Protein chains: 2
Amino acid sequence: MAAQADRHPSSSHYDIVIVGAGPVGLMLSTCLARWGYKIKHIDNRAEPTPTGRADGIQPRSLDLLRNMGLKSAIMAHKPARVYEVAFWDPPKTGNGIVRTGTWASCPSFIDARYPFTTLLHQGLIERVFIADLEENGVQIQRPWTIKGFTSNEKENPEYPVTVDLEHVDGTDKETIKAKYLFGGEGARSFIRDQLKIGIKHKDPIAYVWGVMDGVVETDFPDIKMKCTIHSEHGSIMVIPRENNMVRLYIQIASSTDPDFNPRKTATAEEVQASAKRILQPYSIEWERLEWYSVYPIGQGISDKYTLDHRVFLGGDACHTHSPKAGQGMNTAFLDALNLAWKIHAVEAGFANRKLLETYEPERKDVAETLLSFDNKYAKLFSQRPPAANEVAAASAQAAGGQKKEEEGENQFISTFKESCEFTSGYGVFYKANALNWSPSHPAQSHVVHPKNTKLIPGRLLANADVTRVVDANVVHLEQEVPLNGSFRLFVFAGKPSVTAQALRDLAANMAKKNSFYMAYARADADRVSHHERHNPHSHFFTVCTVFAAARPDVEIARDVPALLARYRDHVYADDRWDRHVPDAKACAHAKMGLDEDKGGVVVVRPDGYVGIVVGLQEGSATADALNGYFGSFCTKKLGETQAQL
Amino acid sequence: MAAQADRHPSSSHYDIVIVGAGPVGLMLSTCLARWGYKIKHIDNRAEPTPTGRADGIQPRSLDLLRNMGLKSAIMAHKPARVYEVAFWDPPKTGNGIVRTGTWASCPSFIDARYPFTTLLHQGLIERVFIADLEENGVQIQRPWTIKGFTSNEKENPEYPVTVDLEHVDGTDKETIKAKYLFGGEGARSFIRDQLKIGIKHKDPIAYVWGVMDGVVETDFPDIKMKCTIHSEHGSIMVIPRENNMVRLYIQIASSTDPDFNPRKTATAEEVQASAKRILQPYSIEWERLEWYSVYPIGQGISDKYTLDHRVFLGGDACHTHSPKAGQGMNTAFLDALNLAWKIHAVEAGFANRKLLETYEPERKDVAETLLSFDNKYAKLFSQRPPAANEVAAASAQAAGGQKKEEEGENQFISTFKESCEFTSGYGVFYKANALNWSPSHPAQSHVVHPKNTKLIPGRLLANADVTRVVDANVVHLEQEVPLNGSFRLFVFAGKPSVTAQALRDLAANMAKKNSFYMAYARADADRVSHHERHNPHSHFFTVCTVFAAARPDVEIARDVPALLARYRDHVYADDRWDRHVPDAKACAHAKMGLDEDKGGVVVVRPDGYVGIVVGLQEGSATADALNGYFGSFCTKKLGETQAQL
């Protein structure tokens with residue numbers, strides 16, 4: 001899609017103006033830059049975050065970073081990895097603190113590739129994105145700020161947004177015409193204020209937090225673990241960091257305090273003295289103090305994420321909450337990702353502009369869940385700590401899966417399970433809409449959502465190992481299509497002997513002129529290099545075919561119809577053992593809940609969430625159902641006329 | 001050891017002169033630079049290898065690169081990964097070629113972390129080392145060459161080697177005094193010639209090979225696999241490469257040909273035409289030819305690797321063989337590693353100078369094995385291809401382990417198994433000597449080599465997952481100590497309740513003044529930062545303690561004596577499941593063949609090979625045995641005198 005960048009009427013016309021180069025702005029910018037959009041990206045800071053701020057990358061976010069090819073650059077900084085959380089409390093008798101339990105931060109019942117939280121200073125994470133942006137020709141313009149904007153689609157349907165930008169010292173100004181404006185400016189959003197969008201406070205309680213990064217010398221045994229410590233002298237949260245650092249969070253004041261003052265503060269020395277008291281009988285001394293900050297924070301959520309679907313907000317501009325669950329950066333990433341691919345689908349001509357209307361409900365609902373969770377999580381920490389045997393029982397019961405749930409779980413177990421899924425990022429889901437099929441979706445067919453499917457539209461595709469046929473490489477199936485803005489069509493093809501005709505029929509129907517697939521064929525399809533792996537025919541789809549067979553038994557030339565075989569690097573054998581389905585013969589099929597003989601087709605949105613699951617059947621039913629699904633949000637009428645030919 | 005670099009009498013005095021910046025020279029240089037030695041490193045090429053040459057990194061070499069922190073830089077180049085080898089032969093009837101079988105290049109019976117061969121252009125690999133060298137202050141001096149050298153220990157016991165170096169165009173000269181000289185100049189070694197060291201030809205047959213790297217368009221289905229193709233038109237070997245490239249090896253002539261001429265050659269066009277004939281009925285067209293070379297090669301092995309243990313040879317200067325098994329670079333790495341840590345042990349004052357005498361026998365024996373293997377491997381490829389069921393049977397039987405061997409294996413199975421172990425690098429082993437304990441070793445004690453131990457001195461430590469106690473990180477135990485030149489002492493501590501006294505006794509005996517451990521204590525031990533993880537007390541040892549217990553049940557302050565607890569980042573819980581020992585409770589203990597209750601102590605050489613295994617017993621027997629082991633090659637008298645105190 002690289003040609004996009006040249007298609008603007010003048011040098012002051014852009015696809016998008018992005019304000020703020022924190023996690024949300026950088027993720028949006030990085031995606032759109034890779035997909036060929038022309039971006040003006042400003043930030044009012046002279047440099048990326050030098051110290052402190054957010055630092056927790058959750059397991060699912062690491063999957064996302066890997067899918068973008070950025071994980072190794074992050075890991076090269078040798079971040080700390082949190083596998084377990086420890087609870088420390090006053091002993092039943094006597095003084096001081098004792099460890100009362102630990103739990104896994106991402107227990108094995110969650111099928112995570114990276115079952116740990118990655119902790120790294122936000123500035124280093126920002127720099128990984130900035131380096132990638134520079135490779136794609138985007139420089140963050142610093143220190144610049146936004147002074148005003150207007151949006152009028154009637155006056156200028158193509159570039160409705162006008163934005164006034166200014167150097168922070170007022171020495172330079174620019175006026176930009178853009179298709180979109182994005183506010184990723186953090187909690188104090190100028191754009192949100194200008195739009196007069198209010199903030200709703202979910203929980204009326206506000207807090208003042210102190211946060212301190214530094215290097216310490218201590219005999220406290222869990223200094224390299226995430227810890228929640230309650231003592232008679234107060235409470236503290238310990239989070240390990242890269243380079244032998246540790247972060248301490250201390251709650252300085254709460255609006256429930258009798259003498260609450262939101263401007264209450266504390267010096268670094270006071271917080272250090274407080275930490276020393278709380279950690280008794282252990283000692284703690286600071287060798288170096290890297291960063292210290294006190295900030296009041298309440299739970300807030302923006303009433304709207306956009307008014308006109310041209311000017312959007314995301315990240316902390318839309319939701320604020322306590323730092324305890326380490327969700328801020330992760331939620332910001334997903335806000336940006338959700339918006340990025342939708343803008344791309346609309347601007348590249350694939351999706352109806354109404355698609356953009358799904359951004360706010362999808363992401364606002366996640367933010368609401370985050371805030372409720374933040375409350376529950378806070379209570380879970382501040383109330384009686386869970387006993388070790390309870391944690392073990394919860395973990396074991398959760399590992400048992402669906403069945404146990406029906407038998408009923410106690411409050412602690414369900415909160416534990418939900419909290420693990422949520423904090424890992426694997427629990428984030430989107431509700432039913434045009435993208436996420438449900439029984440009320442326009443696509444209605446007996447082949448949609450086959451019985452026993454474990455996949456749920458709006459939730460992530462299950463992780464699964466498979467063997468790539470052409471080179472016998474063992475790969476992570478969910479990572480095989482890079483974050484290229486395309487829908488991912490996973491054709492689970494079952495047994496070749498069973499599905500041969502169904503596969504041929506699917507390919508034949510996809511090849512029809514008005515199918516979802518060919519309606520958006522590349523104009524240059526006949527000149528595409530044979531090395532192109534992901535988008536040989538269309539920029540809107542990448543197709544993977546997975547057989548329930550051993551790799552040497554799959555012969556692409558014999559078993560795969562030409563249209564699918566064109567993606568020869570995306571043909572796989574489902575022949576790897578998986579501990580989550582130890583008795584399955586074809587584990588990837590089994591994890592999706594698809595028949596190991598008959599297979600099924602899974603549509604995955606560009607951001608990795610399942611859109612729809614369709615049975616793989618002979619005749620046109622499978623392709624018809626896919627036409628129905630994509631037809632509900634794309635720009636062209638699909639299928640029907642051709643189906644009669 | 002960084003202080004070493006400043007301890008030379010003049011700027012023209014060096015610890016070592018290294019000639020040749022290919023894999024062997026770079027590995028040696030990189031190790032010694034990290035350990036603080038002053039290095040003069042020259043190469044007669046103006047630039048690193050621009051194209052072609054060696055490109056295969058075997059599974060065990062990737063472990064080594066990871067241990068050096070260089071793996072991610074290698075993998076960032078997106079090398080090809082070979083998991084399987086395919087065999088193509090003429091069909092029983094008709095023309096052309098058919099696939100007659102495939103086998104895993106590193107089958108699951110080998111407990112490899114990375115069960116594939118990594119293929120990347122040698123120049124990119126060299127650059128990863130060069131970047132690391134530059135971080136440690138070493139620049140390769142190019143294009144410079146060696147003009148002559150002398151070595152006279154009597155005349156100058158400290159810097160016995162004098163080396164004359166010259167810019168290749170003769171415009172500049174230098175004379176260097178050094179402790180050592182290393183020739184890593186490849187098959188045509190000036191240093192070897194000057195020393196008048198001959199080459200023995202193991203196999204009298206010589207070959208002329210053509211090798212071609214390029215990008216092709218083909219319908220041959222296995223172009224991304226390693227393939228051996230025999231046809232009526234000749235034979236070819238296919239090896240996938242990074243960036244859609246493929247390497248083809250074609251044997252142009254053999255000394256068994258009636259009209260053999262070692263100077264026989266072929267043009268790139270002739271080789272391409274030949275490849276087209278061999279691949280019929282498949283088509284192949286070249287889009288780009290990156291590199292083409294023809295070279296005669298015979299199997300040769302240098303009579304000596306050194307004459308005086310000051311001037312050493314390694315890599316292709318010592319052994320040449322066919323490129324088919326992809327062993328060249330891997331053998332070069334291990335030559336260099338073997339020599340590097342021994343030079344370090346001697347120069348840092350730990351080991352007796354006689355230690356250097358183990359370099360030649362250890363590495364020459366491996367080269368002999370490589371050459372025999374190269375012959376067998378060539379025959380395995382050139383004879384009747386193994387049937388798929390034979391490969392499956394061999395793999396299954398091999399997976400069964402020891403017992404099946406006793407039942408007898410056929411020739412094919414044993415060659416298959418041996419070849420997989422050898423090509424993966426996991427089969428390389430060193431014979432008994434002072435470093436590799438055997439019943440004839442001076443260290444004799446009833447606690448040495450406990451019954452049931454699966455570890456064999458001279459072979460690699462088994463790979464095992466464990467949980468680090470301080471931060472609950474799941475880690476690869478064998479990777480926990482970086483390649484720091486230190487011996488690695490793995491104290492498998494069994495059950496804390498059983499071994500408490502034995503651990504205390506071991507620590508107490510290690511703490512004695514003349515123990516192997518304290519005899520080489522750091523002079524600055526009381527000023528070492530508490531963040532120092534690997535060498536708090538001594539530069540010659542890093543100690544890891546592994547309990548057969550669940551992580552939350554290990555309390556360092558309670559269970560680990562202070563001397564061992566000083567390595568708090570090296571205390572582990574052996575609580576991870578392992579598919580190779582599915583029924584074990586403590587899998588790492590089980591994989592080593594150590595008692596899950598009583599444990600045992602494993603000494604691992606700085607290069608990862610097991611030195612000795614000793615039982616963990618109450619009293620002084622364990623430490624006495626270790627004193628005996630180290631006393632056999634170190635500079636001081638250990639143990640006895642103190643044992644009486």
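These legends describe close-up views of a predicted model.

**View 1**
Chain B and chain A bury about 2500 Å² between them. Carbon and sulfur atoms account for 41% of that area. In chain B, Tyr83(B), Lys224(B) and His531(B) lose the most area to chain A. Together these three make up 21% of what the chain B side buries. The contact takes 27 residues from chain B and 27 residues from chain A.

Six salt bridges are counted between chain B and chain A. One of the salt bridges in the model joins Arg551(A) to Glu84(B). Their closest N and O atoms are 2.8 Å apart. The count of residue pairs in polar contact between chain B and chain A is 14, with both residues at pLDDT 80 or more. On the side of chain B that touches chain A, the elements giving two or more residues are β6 (98-104) and β11 (199-218) of chain B. The largest share of that side, three residues, comes from β11(B).

Over all chains, the structure holds 78 salt bridges. Arg247(A) forms a salt bridge with Asp213(A), with the closest N and O atoms 2.8 Å apart. Arg247(A) lies in strand β15 (residues 245-254) of chain A, and Asp213(A) lies in strand β12 (residues 206-218) of chain A, so the pair ties together parts that are 34 residues apart in sequence. Both Arg247(A) and Asp213(A) are buried.

**View 1. The Asp559(A) and Arg558(A) pair.**
Asp559(A) forms a salt bridge with Arg558(A). The closest N and O atoms are 2.8 Å apart. Asp559(A) counts as buried, at 14% relative accessibility. Arg558(A) counts as exposed, at 57% relative accessibility.

**View 2. A salt bridge between two loops of chain B.**
The side chains of Arg533(B) and Asp569(B) meet in a salt bridge at 3.8 Å, N to O. The pair links distant parts of the chain, 36 residues apart. Arg533(B) sits in the loop between α12 (496-510) and β21 (541-547) of chain B. Asp569(B) sits in the loop between α14 (562-565) and β22 (571-573) of chain B. Arg533(B) is partly exposed, with a relative accessible area of 30%. Asp569(B) counts as buried, at 9% relative accessibility.

**View 3. A salt-bridge network in chain A.**
A network of salt bridges links Asp15(A), Lys179(A), Glu347(A) and Arg353(A).

**View 4. Surroundings of Ser231(A).**
Ser231(A) is placed in strand β13 (residues 226-231) of chain A. Ser231(A) has a relative accessible area of 13% and is therefore buried. The side chain of Ser231(A) reaches the backbone nitrogen of His233(A) at 2.8 Å. Leaving aside neighbours within four places in sequence, Ser231(A) is in contact with Pro90(A), Ile97(A) and Ile278(A).

**View 5. A three-stranded sheet in chain B.**
This open sheet has the order β3-β7-β4 (chain B), with antiparallel pairing. β3 (56-57) and β4 (80-82) of chain B stand at the edges, each with a single partner strand, so one side of each has no neighbour in the sheet. Two bridges join β3(B) to strand β7 (residues 117-119) of chain B. The bridge partner of Gly56(B) in β7(B) is Leu119(B).

**View 6. An annotated region of chain A.**
An unreviewed UniProt entry annotates residues 428-637 of chain A as "domain: Phenol hydroxylase-like C-terminal dimerisation". Over residues 428-637 the chain is 19% helix and 17% strand. The end C-alpha atoms of residues 428-637 are 32 Å apart.

Definitions and conventions: Residues numbered from 1 in each chain as written. Chains lettered and ligands numbered in written order. Predicted model: local features only at pLDDT ≥ 70, side-chain atom pairs only at ≥ 80, totals over all residues. Heavy atoms only, no water. Helix = DSSP H or I, 4+ residues; strand = E, 2+ residues; numbered from the N terminus. Buried < 20%, exposed > 50% of the residue type's maximum accessible area, 1.4 Å probe, protein only. Polar contact = N/O pair within 3.5 Å; in protein donor to acceptor, adjacent residues only side chain to side chain. Contact = heavy atoms within 4.5 Å. Pairing = 2+ DSSP bridges. UniProt positions renumbered as here; feature names shortened; annotations may be inferred. Buried area = accessible area lost by both parts, 1.4 Å probe. Salt bridge = Lys/Arg side-chain N within 4 Å of Asp/Glu carboxyl O.
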